[in-house]
Amino acid sequence: MALLPILRYPDPRLNKIATAVDEVDARVRRLIDDMLDTMYAAEGVGLAATQVDEHRRVIVIDTSEERRSPLILINPEIVWRSADIVLGEEGCLSVPAIYDKVERHSAVTVRALDRGGSTFERRVEGLTAVCVQHEMDHLLGKVFVEYLSPLKRERIRSKMAKRTREEQQEQRHRA
Ligand code: K1U
Ligand code: ZN
């Protein structure tokens, strides 16, 4: 088990564009396992490789109550989007304790490779559909706060900077 450090907004590495995985090998499977451990430990419902500073098109999601039904998406593509749009509250492990509303398609069909390297398609709705769209944005270097107004974004930036300063001060105090 390995827990990976999660990049915090506004780290510029969160804006990098991930590249396609060309072979689902042991290294990719190791990354998936570490991402699952990291997502479960952080109590998130999703995680994109970008958030752990790995710029490959890999996503893990688990929106189940039991937290034992991971959805692994390698090289995901959305092949169908509902016409229906929903406005829902989102959070992000890279922007801790900040929640705001974002518009998303209420259902999507995603095509991807699984951890065995086979192509599959899955139609998802509700929180899983929101999560797929949120995580796919991460692979394109986009964080959900970029959908918010410049004023809200600026407030979030200064809150995050203040929090980081306080944490650094606390660490120096302990050392
Ligand atoms: O950082 C991430 O990308 C994971 C993120 C996924 C997500 C949650 C909710 C809406 C969109 C995307 C999280 O897991 S945030 C923390 C969380 O567990 C959560 C937050 C709001 C609703 C449900 C779960
Ligand atoms: Zn996120």
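**Close-up views of a predicted model**

Figure 1. Three residues of the protein provide the donor atoms: Cys92 through SG, His134 through NE2 and His138 through NE2. The coordinating distances run from 2.1 to 2.3 Å.

**Figure 2. The surroundings of ligand 1.** A shell of 16 residues surrounds ligand 1, and the closest of them are Val45, Gly46, Gln51, Leu93 and Glu135. Sorted by class, the shell consists of seven nonpolar, six polar and three charged residues. Helix α2 (residues 126–139) supplies the largest share of the shell, namely six residues.

**Figure 3. Polar contacts of ligand 1.** Which side chains place a polar atom 2.8 Å or 3.1 Å from an oxygen atom of ligand 1? At 2.8 Å, the polar side-chain atom belongs to Gln51. At 3.1 Å, the polar side-chain atom belongs to His134, a residue that also coordinates the zinc ion (ligand 2) through NE2. The backbone takes part as well: a polar backbone atom of Glu43 is 3.2 Å from an oxygen atom of ligand 1. Ligand 1 taken alone would expose 500 Å², and the protein buries 85% of that area.

**Figure 4. The backbone at Glu43.** Glu43 is located in the loop between α1 and β1 (46–48). The phi angle of Glu43 is positive, at about 60 degrees, although Glu43 is not a glycine. The view also includes the polar backbone atom of Glu43 that lies 3.2 Å from an oxygen atom of ligand 1.

**Figure 5. The peptide bond from Tyr9 to Pro10.** Is this peptide bond cis or trans? The bond from Tyr9 to Pro10 is cis, and its omega angle is near 5 degrees.

Note on methods: Residues are numbered from 1 along each chain as its sequence is written. Chains are lettered from A and ligands numbered from 1 in the order in which they are written. This is a predicted model: local features need pLDDT of at least 70, side-chain atom pairs count only at pLDDT 80 or more; totals for chains, interfaces and linings use all residues. Side-chain values use heavy atoms; hydrogens and water are left out. A residue is near a molecule or strand if one of its heavy atoms lies within 4 Å of it. A polar contact is a pair of N or O atoms within 3.5 Å; within protein, one must be able to donate a hydrogen and the other to accept it, and residues adjacent in sequence count only if both atoms are side-chain atoms. Accessible areas come from the Shrake-Rupley method with a 1.4 Å probe; for residues, only the protein chains shown count as cover. Helices (H or I, at least four residues) and strands (E, at least two) are DSSP runs, numbered from the N terminus. Ala, Val, Leu, Ile, Met, Phe, Trp, Tyr, Cys and Pro count as nonpolar, Asp, Glu, Lys and Arg as charged, and the others, Gly among them, as polar. Donors are N, O and S atoms within 2.8 Å of the metal (3.2 Å for Na, K and Ca); water is not among the atoms, so sites may look incomplete.
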